[in-house]
Amino acid sequence: MFQALEYRHRPLDQQLTSGVRQIELDIFADSEGGRYAHPQGPDAVAAANLPKDPEFDPEGFMSKPGFKVMHLQDFDYRSTCQLLIACLKIVRAWSHSNPKHVPIFILLETKQSDLPPQYHAISPEKFTPATFDALDAEIRSVFAPNEMITPDQVRGKHATLEEAVLHHAWPTLDAARGKVIFLMDQRPVGPTYLEGHPSLHRRLIFTNAEPGQPDCAFTEENDGTQEVIAALVRKGYLVRTRTDADTKQARTNDTGRREIALASGAQLLSTDYPASEPSQWTGYSVSLPGGAVARCNPVDAPPSCSNRVIAADRPYAQNSGP
């Protein structure tokens with residue numbers, strides 16, 4: 001388990017400046033505050049007679065109610081922004097400073113699984129419809145309606161969200177510039193988020209849904225074949241796939257999955273190693289040609305599509321991840 005945690009990322013604004021346009025935030029519910037304020041890590045470091053870690057939470061943020069951002073309770077608990085609201089404010093400030101950017105996708109992974117008993121880790125708070133109401137409220141406290149693309153906007157007058165995307169109702173790139181789009185990572189939490197909100201009515205986050213379901217506009221094919229992903233893209237779905245996972249490809253410079261993902265037409269390519277943060281072992285990284293932040297889709301872009309126009313969201317060129 002711990003080998004898969006051996007990576008790190010720079011602060012969000014630095015990632016965005018380097019060209020990243022999709023970020024993943026692992027969030028833990030903490031409605032009362034303090035649930036994750038005393039992780040095991042510092043005690044484990046002391047017990048092993050290792051040099052003391054820097055203070056984990058000198059400002060006391062983890063004692064306050066609200067959603068927390070970290071990878072793994074008790075063990076991988078450090079983050080460049082510990083509160084979800086703080087992370088979102090960083091993204092919003094960067095967005096305001098770069099108003100022509102292609103949309104920024106914020107993938108939320110709702111963490112609520114218990115670790116194996118031998119780790120004696122804190123049990124995460126479970127997500128309920130009320131928890132998700134609070135999550136939407138935190139997002140609304142940072143982003144104004146005109147700064148987001150939401151399921152209601154995409155659905156429009158269609159009967160369901162899926163009907164809308166199958167009729168290609170996503171906003172144009174020009175209409176989407178300068179905005180953020182929230183996506184749900186885990187598929188099993190979708191029904192809870194949908195409760196009382198059919199087809200994501202008045203919700204902010206696009207669920208990771210199964211094609212054929214009324215709420216399906218976004219779907220994940222993390223290990224999907226090139227052919228399967230391309231077929232979904234042609235239908236109008238927003239698709240996320242992974243180019244690497246758990247440090248495995250980065251340790252051996254295995255580029256097979258990366259090349260499948262790049263050719264598949266998936267609009268969102270997730271990596272732990274954008275070109276600005278290559279693998280420490282092999283130099284493995286993921287980027288688009290010329291260090292672009294976005295490109296014409298290799299599966300369904302019209303002949304008139306211009307990579308130069310699409311990626312023109314910053315006045316300079318530098319290496320970046322997709």
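In this predicted model, Trp170 is partly exposed, with a relative accessible area of 22%. Trp170 sits in the loop between α6 (161–166) and α7 (173–176). Its partner is Phe206, in strand β5 (residues 205–206). Phe206 has 0% relative accessibility and counts as buried. The two ring centres are 5.4 Å apart. The planes meet at 40 degrees, so the pair is tilted.

The structure holds nine aromatic pairs. Among them is Phe132 with Tyr193, an edge-to-face pair. Here the centres are 5.1 Å apart, with 75 degrees between the planes. Phe132 belongs to helix α4 (residues 129–142) and Tyr193 to helix α8 (residues 190–194). The two residues are 61 apart in the chain. Both Phe132 and Tyr193 are buried. They also belong to one aromatic cluster, together with Phe67 and Phe127.

Helix α9 (residues 226–235) has four buried residues listed by name: Ile229, Ala230, Leu232 and Val233. They cover an arc of only 160 degrees around the axis, which puts them on the same side of α9. Glu227 and Arg234 are exposed on the other side. The cover over the buried residues includes β6 (218–220), β7 and α11 (256–264). Just after α9, Gly236 takes a positive phi of about 120 degrees.

Thr241 lies in strand β7 (residues 238–242). It counts as buried, at 0% relative accessibility. Its side chain reaches the backbone oxygen of Glu221 at 2.6 Å. Beyond its neighbours within four places in sequence, Thr241 is in contact with residues including Glu221, Asn222, Asp223 and Ile229. Ile229 is itself one of the buried residues of α9. Further contacts of Thr241 include Arg257, Ala261 and Ser264, and also Leu268, Leu269 and Ser270.

The protein chain comprises twelve helices and eight strands. Its radius of gyration is 20 Å, close to the 20 Å given by the globule rule for 322 residues, so the chain is as compact as a globular protein of that length. The C-alpha atoms fill a box of roughly 60 × 50 × 35 Å along the principal axes. Buried residues make up 50% of the 322 residues. Among contacts between residues at least 6 apart in sequence, 71% join residues at least 24 apart. The accessible surface comes to about 15,200 Å², and 53% of this belongs to carbon and sulfur atoms.

Terms used: Residues numbered from 1 in each chain as written. Predicted model: local features only at pLDDT ≥ 70, side-chain atom pairs only at ≥ 80, totals over all residues. Heavy atoms only, no water. Buried < 20%, exposed > 50% of the residue type's maximum accessible area, 1.4 Å probe, protein only. Polar contact = N/O pair within 3.5 Å; in protein donor to acceptor, adjacent residues only side chain to side chain. Contact = heavy atoms within 4.5 Å. Arc of directions from axis to C-beta. Rg over C-alpha atoms; globule rule 2.2 N^0.38 Å. Areas by Shrake-Rupley, 256 points an atom, 1.4 Å probe, with all protein chains shown as cover. Phe/Tyr/Trp six-rings, centres within 6.5 Å; stacked < 30°, edge-to-face > 60°.
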